[in-house]
Amino acid sequence: MANFSERIKELRTERGLKQREMADICGIKLRSYQGYEYGKHYPEVSGLIEIAKFFDVSTDYLLGLTDKRDINR
């Protein structure tokens, strides 16, 4: 299974977004967002939840704990 940095990059590119656009969406600096994709930094829990909502995936999927994107509701 993929890890967080691989998942967030995959989701971003599927939507045709640039790293700078994702940084703006997340409300963080570009360097901080790049750290997510390079596996050097991770968002706080609240940020992780917002990213999962934005991409309509579960936090487990983002973290690489499952390959299922669906959210159990």
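What share of the contacts in the protein with a separation of 6 or more is accounted for by residues 24 or more positions apart? In this predicted model, such residues account for 48% of those contacts.

**Overall build**

The protein contains five helices and zero strands, so that its pattern, read along the sequence, is α-α-α-α-α. Its C-alpha atoms fill a box of roughly 30 × 25 × 20 Å when this is taken along the principal axes. For 73 residues, a compact globule would have a radius of gyration near 11 Å, and the value for the protein, 11 Å, agrees with this. Of the 73 residues, 34% are buried.

**Two helix pairs**

Helix α3 (residues 30–37) packs with helix α2 (residues 19–26), and the axes of α1 and α3 also cross. The table sets out the two pairs.

| Pair | Angle between axes | Distance between axes |
|---|---|---|
| α2 and α3 | about 105° | 8 Å |
| α1 and α3 | roughly 115° | within 7 Å |

Angles of 65 to 115 degrees count as roughly perpendicular, and α1 is therefore roughly perpendicular to α3. In this contact, Phe4, Ser5, Ile8, Lys9 and Arg12 of α1 meet Tyr33, Tyr36 and Glu37 of α3. Sorted by class, the residues of the contact between α1 and α3 are four nonpolar, one polar and three charged.

Helices α2 and α3 are likewise roughly perpendicular to each other. On the α2 side the contact involves Gln19, Arg20, Met22, Ala23 and Cys26, while α3 contributes Leu30, Tyr33, Gln34 and Glu37. By class, five residues in the contact of α2 with α3 are nonpolar, two are polar and two are charged.

**The two faces of α2**

Which residues of α2 are buried? They are Gln19, Met22 and Ala23, and because they cover an arc of only 105° around the axis, they lie on the same side of α2. The buried residues of α2 pack against α1 (4–14), α3 and α4 (45–55). The face of α2 that is turned away from its buried side carries Arg20 and Asp24, which are exposed. Just after α2 comes Gly27, which takes a positive phi of about 75°.

Conventions. Residues numbered from 1 in each chain as written. Predicted model: local features only at pLDDT ≥ 70, side-chain atom pairs only at ≥ 80, totals over all residues. Heavy atoms only, no water. Axes fitted to C-alpha atoms, helices over the stretch in contact; angles between N-to-C directions. Helix = DSSP H or I, 4+ residues; strand = E, 2+ residues; numbered from the N terminus. Parallel < 35°, antiparallel > 145°, perpendicular 65-115°, else oblique. Contact = heavy atoms within 4.5 Å. Nonpolar A, V, L, I, M, F, W, Y, C, P; charged D, E, K, R; others polar. Buried < 20%, exposed > 50% of the residue type's maximum accessible area, 1.4 Å probe, protein only. Arc of directions from axis to C-beta. Rg over C-alpha atoms; globule rule 2.2 N^0.38 Å.
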